[in-house]
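Hello,

Here is the structure I promised to pass on. Please take a look, then read my notes below.

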Amino acid sequence: KCIRWDLTGLNGMSLRSYRDMNRRSALYSAVIVLLLLVVIVLQILSMIQSDRLYERLNRIAGISKPQKTEARVKEGIKNEYPGDDGDWLIWCINSEPSNFNPITSSDAVANYVVSGNIFETLIEYNEDTFEHKPLLAKSFAISEDGLQIDFILRDDITFSDGHPVTADDVIFSYNTIINPGVDALSYANYLQDVDHVVKMNDRHVRFIMKRVYFRSLSICGGIPVIPEHIYRFSSPDEFNKRISNPVGSGPYIFEKWEVGREIIIRKNLDYWGKMPNVDKIIFRVITNDAAAVQALRAGQVDFIKQPSPELFSEMSQNRDFTEKFHCLSYWHPGVGYFWIGWNQDRPFFRDKRVRQAMTHILDRENIIKHILKNPEAMIPTGNFYIHGPQYDSAIIPWPYDPERAKQLLDEAGWVDTNGNGIRDKDGVEFRFKYQIVGGTSIHEQMAKLVKDAAAKVGIEVEIDPYEWSVFINRVYDRKFDAGNLATVGGLAGDPYQTWHSSQIGNRGSNYVGFNVAEADKLMEEARVTIDDEKRNKLYHQFHRILHEEQPHTFIYTRPGEAFLSKRFENVKMHLLGINHFEWYVPKENQRYR
């Protein structure tokens with residue numbers, strides 16, 4: 001059957017009424033849809049605002065997610081970091097730098113200003129793995145025989161004036177360092193194993209070595225690259241006189257040097273790489289430790305690196321101070337070690353038993369506890385970084401043992417033959433001069449300890465103080481019996497310059513006259529061993545010889561120390577130390593614009 005729809009009879013409604021009803025229904029539906037869309041949009045905006053609030057709260061707590069800054073993306077490099085952009089870092093330095101030329105300067109304080117901030121190298125170390133990683137170079141390779149090193153430069157690197165960094169700049173930097181008229185002899189010595197450098201193309205440079213050397217990659221890749229178009233010179237003297245207005249490829253630009261007061265560098269807004277957080281770094285000269293801490297507490301400086309051990313110990317236990325300032329204690333390869341050297345030219349110290357005895361009479365644990373007042377300080381047994389792979393941690397320091405010292409001195413023939421209380425041998429009494437830098441607290445304290453300890457075993461010590469320039473020249477010329485000094489460390493150290501017998505005399509660095517044929521052989525073999533594991537085994541053998549011979553009494557090594565305002569966040573400890581490029585100040589705590 002057919003089904004018939006009678007629209008005119010539907011609920012008694014006419015067709016026109018039905019159509020009017022449909023129109024009203026469609027209008028209502030449209031209004032409802034519109035209202036729903038408005039609600040959805042409002043919800044989305046609310047979520048965005050909530051997310052922003054969440055990120056803001058996280059920033060205040062110091063746990064923010066990486067944020068993109070300045071909306072600048074170059075060749076896939078995104079400037080992302082935790083925290084806010086802006087503010088200044090006021091960095092206290094304890095002496096006036098004399099030179100900001102990275103090739104002719106040997107000033108450690110000047111290095112704080114320019115190294116990494118203004119000038120960059122082809123490669124650098126990973127802060128936590130100690131492995132090499134590219135910087136200005138995008139890749140590098142060393143041949144199997146160790147005689148050829150290739151660096152391929154990035155395509156996007158520029159100096160702060162916009163000029164691209166090319167292979168010509170790398171070769172110019174190398175040639176400048178080895179120029180005999182340029183004041184860079186100590187730097188050039190590290191490059192003596194390089195035969196020549198070849199430009200393969202604008203982005204490819206090759207170093208050809210005369211001989212294998214395990215540090216070749218670090219040294220060639222570690223040359224500070226300077227712009228040829230800025231530093232080009234007609235005579236070496238002209239280059240030597242260039243001490244200010246440095247120009248490099250780094251994240252900061254030199255702004256001002258007010259002699260005797262401060263040096264200012266500012267952020268390079270056209271930097272090719274990851275932008276730092278802090279807009280300016282001001283290096284303020286304050287030569288007195290106590291005055292520096294006073295300036296820190298008054299808000300005139302933010303950062304003090306390596307304060308005196310006594311001051312760090314005192315302030316790190318001050319509750320009011322630690323509420324406002326980070327007291328940072330951190331190990332890194334540059335910490336080095338403090339030592340007493342025994343000049344083997346002198347009859348007293350030719351026998352290793354005597355040198356061992358001199359170590360046994362010193363209570364080094366007591367020195368760390370009462371002079372350094374640093375529970376993290378350690379007694380090293382050799383010259384390598386105590387937490388590095390070259391150091392043999394299985395070697396135990398000689399103990400404090402005055403009775404054993406007396407036995408060793410007796411065995412070596414140093415006995416008191418005439419009953420005057422002073423040991424003697426072959427008509428020579430055991431009296432020696434102990435050379436120190438006058439007016440230096442830790443040197444003076446150490447000398448007094450040595451004098452008192454030696455007297456208890458029948459040795460007479462005369463403390464012999466000198467002004468620094470005289471002191472160090474007497475050390476270079478080996479015109480001393482004994483004395484103390486500190487040596488700066490490094491990640492991949494080469495002991496050859498300090499301990500090889502060829503470095504005795506002619507103002508070489510083997511000041512104490514250490515001369516052991518087996519040690520020489522190990523150092524020579526290690527220098528040409530590229531494999532890290534094999535080389536470190538050789539250095540462990542060398543370390544054991546050094547421990548037995550005791551040409552130095554290794555007193556202590558201690559972590560780096562610093563004070564930093566707690567305005568700064570994201571302060572991390574890496575195996576290579578601290579990195580100021582990571583720090584930031586939340587907007588609400590910023591002081592400077």
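**What I found**

C92 counts as buried, because its relative accessibility is 7% (buried is under 20% relative accessible area, exposed over 50%, partly exposed in between, with a 1.4 Å probe and protein chains only). C327 has 25% and so counts as partly exposed. The structure holds zero disulfides (a disulfide is a pair of cysteine sulfur atoms within 2.5 Å).

A word on the source. This is a predicted model, where local features need pLDDT of at least 70, side-chain atom pairs count only at pLDDT 80 or more, and totals for chains, interfaces and linings use all residues. Residues are numbered from 1 along each chain as its sequence is written, and side-chain values use heavy atoms, leaving out hydrogens and water.

Next, a sheet. Four strands form an open sheet in the order β6-β7-β9-β8, with antiparallel pairing. β6 (137-142) and β8 (194-201) are the edges; each has a single partner strand, so one side of each lacks a neighbour in the sheet. On average, neighbouring strands here are turned by 15° against each other, direction ignored. Helix α3 (residues 167-178) packs on this sheet and touches β7, β8 and β9. Its direction makes about 165° with that of β8.

The terms: helices (H or I, at least four residues) and strands (E, at least two) are DSSP runs, numbered from the N terminus. Two strands pair if DSSP finds at least two bridges between them. Contact means heavy atoms within 4.5 Å. Axes are lines fitted to C-alpha atoms, for helices over the stretch in contact, and angles run from 0 to 180 degrees between N-to-C directions.

Best wishes
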